[in-house]
Amino acid sequence: MTKQTRQRLRIGFVGTGFIAHFHLKSMVGVRNVDVTGVYSRSADNRQRFVDAVTELGMGDCRSYETLEAMLQADDIDAIWVLSPNHTRLDIMRTIHAEVKAGRSKVFAIACEKPLARTVSEAREMLHLAEDAGLNHGYLENQVFATPVLRGKEIVWRRAASTTGRPYLARAAEEHSGPHEPWFWQGDKQGGGVLSDMMCHSVEVARHLLTAPGAARNSLKVKSVNGTVANLKWTRPAYADQLRERFGKEVDYRNRPSEDFARGVVALEDEDGNELMIEATTSWAYVGAGLRIQLELLGPEYAMEFNSLATGLKIFMSRAVTGDEGEDLVEKQNAEQGLMPVLEDEAGVYGYTDENRHMVECFRKGETPLETFHDGLAVVEILMGLYRSAETGETVRFPAPELEDYVPVVARKSA
Ligand SMILES: NC(=O)c1ccc[n+]([C@@H]2O[C@H](COP(=O)([O-])OP(=O)(O)OC[C@H]3O[C@@H](n4cnc5c(N)ncnc54)[C@H](OP(=O)(O)O)[C@@H]3O)[C@@H](O)[C@H]2O)c1
């Protein structure tokens, strides 16, 4: 990693979709950063993004027709990879090639979850970043969610220090289904809801169980046990709904990926204490919107967070009509009745603190809290859970058989 300190970090975005705009909004709360470039395939999407950067006063942003051109620009220090999962490796290979050939001055990279679709892909992502001498950050926002930052700090300082470490972390993330067709296509996305959303749950749970300041690998994964199911979207009427909404590429009558997953991860700390993660995720949850439920339990204490139990609630009677939107909460399902409202989604979900952390680490040449090593460790757990669900057996770690493992729904013939 190149050790340099910069006054400001100048970022180029790859991707102009849902998460790119979320990151951009959150960066209004981050200092010492400019968004100076954007690349995705569509000129219209790029222009919309440039306009949003201008409106937010986040920098002098240029739109690039090719990734190479953006990487070669003089005013790009770091890349945020925010494009779909199946595009990751090609993007990383291009970054690696440009940096190694001396055509790019980029020195840092941040990549959205999951780091890759398989262990071998994730390992290559890590290798390419390190071989090119890049500082790297894995974008797992839940680790930086404000309730996680505050809750973990209090639990460990007050309760764990006097009565013993926490031993059980529960994490759930559920919503009514993703917004773009590629998420529903197992080969493109890498799986179904398990790979899409359990990446959040296992990592935030691992983070909560890890002592503050300790290395993430201070906890060793001993075994994983997973279950996947199709609860809602394979029902014929719902499969047809998907096809109508997304086109024939999303064929849940014949090629579904799971819309429910459950995982149990057994770990051990440095003193041999047994620890547990219980995670559950689904695309079959119809509540007010996205629900993140987190718990951390120890011998004399319990922490709990539910993203829909908001302080702010707004009631709207049946006389209130208007367009559907996601203006109250992410993956919103209604515009009437008693609705929870997250007044600062970017903050509560963790994007603001995540980006502040990455920007400061990259500016100063420091190693972020979440790196591609963590992204790889998460993918190893996910593949273990998929394999366990396929075989019906618990997978014990280390598990070299996961190196080339591809989840059933991500196999080309699936
Ligand atoms: N942290 C979270 O909670 C969270 C939430 C949502 C998504 N994500 C992650 O963020 C990533 C993007 O998800 P999203 O929801 O933003 O998806 P999305 O809305 O489909 O946006 C994807 C973007 O990538 C661009 N794109 C597609 N192919 C590309 C390529 N080959 N090269 C460059 N750009 C390309 C698309 O624009 P063009 O059509 O113009 O190319 C589009 O702007 C995924 O990895 C997802 O898992 C994370």
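**Entry 1: the sheet with S1**

I began with a reminder to myself that this is a predicted model. Strand S1 covers residues 9-14 and strand S4 covers residues 78-81; the two run parallel and are joined by four bridges.

Then I looked up the whole sheet. It is open, has six strands, and reads S3-S2-S1-S4-S5-S6, with parallel pairing. Which strands are at the edges? They are S3 (62-64) and S6 (135-139), each of which pairs on one side only. I also noted the twist, which averages 25° from one strand to the next.

A helix belongs on this page too. Helix H2, residues 43-56, lies across S1, S2 (33-39) and S3, and it runs at about 170° to S2.

**Entry 2: around the ligand**

Which residues come nearest to the ligand? Of the 20 residues around it, I wrote down Gly-17, Ile-19, Ser-40, Arg-41 and Ser-42 as the nearest. I sorted the shell by type and got six nonpolar, 10 polar and four charged residues. Helix H1 (residues 18-26) gives the largest share of the shell, with three residues.

I stayed with H1 and looked at how it packs with H12. Their axes are 8 Å apart and the angle is about 75°. That angle makes H1 roughly perpendicular to H12. On the H1 side the contact uses Phe-22, His-23 and Ser-26, and on the H12 side Tyr-351, Thr-352 and Asn-355. I sorted these residues as well: two are nonpolar, four are polar and none is charged.

Asn-32 lies in the loop between H1 and S2. Its phi is near 60°, which is a positive value in a residue other than glycine.

**Entry 3: two domains**

How is the chain divided into domains? The domain assignment gives domain 1 as 9-141 + 352-367 and domain 2 as 143-349 + 378-410. Their C-alpha centres lie 24 Å apart. The contact takes 23 residues from domain 1 and 28 residues from domain 2. On the domain 1 side, H1, H5 (119-131) and H12 (351-364) each supply at least two residues. I divided that side by type into eight nonpolar, nine polar and six charged residues.

**Entry 4: the sheet with S9**

Here I found another open sheet, with seven strands in the order S12-S11-S7-S10-S9-S8-S15 and mixed pairing. Its edge strands are S12 (301-306) and S15 (395-396), each pairing on one side only.

I followed S9 (residues 260-268) to its partners. Nine bridges join it to S8 (residues 220-229), and the two run antiparallel. Two pairs I checked by name: Asn-225 has Val-264 in S9 as its bridge partner, and Ser-223 stands opposite Ala-266 in S9. S9 also pairs with S10 (residues 274-282) in the antiparallel sense, over nine bridges. There, the bridge partner of Glu-268 is Glu-274 in S10.

How many residues lie between S9 and S10 in their hairpin? There are five, and Gly-272 in the turn has a positive phi of about 85°.

Helix H13 (residues 372-391) lies across S8, S9 and S15 and runs at about 50° to S8.

**Entry 5: cis peptide bonds**

Lys-113 and Pro-114 are joined by one, with omega about -25°. Pro-114 is in the loop between S5 (108-112) and H5. The peptide bond from Phe-397 to Pro-398 is cis as well, with omega near -5°.

How values were computed: Residues numbered from 1 in each chain as written. Predicted model: local features only at pLDDT ≥ 70, side-chain atom pairs only at ≥ 80, totals over all residues. Pairing = 2+ DSSP bridges. Axes fitted to C-alpha atoms, helices over the stretch in contact; angles between N-to-C directions. Contact = placed C-beta atoms within 7 Å. Near = placed C-beta within 6 Å. Nonpolar A, V, L, I, M, F, W, Y, C, P; charged D, E, K, R; others polar. Domains from an automatic or database assignment. Parallel < 35°, antiparallel > 145°, perpendicular 65-115°, else oblique.
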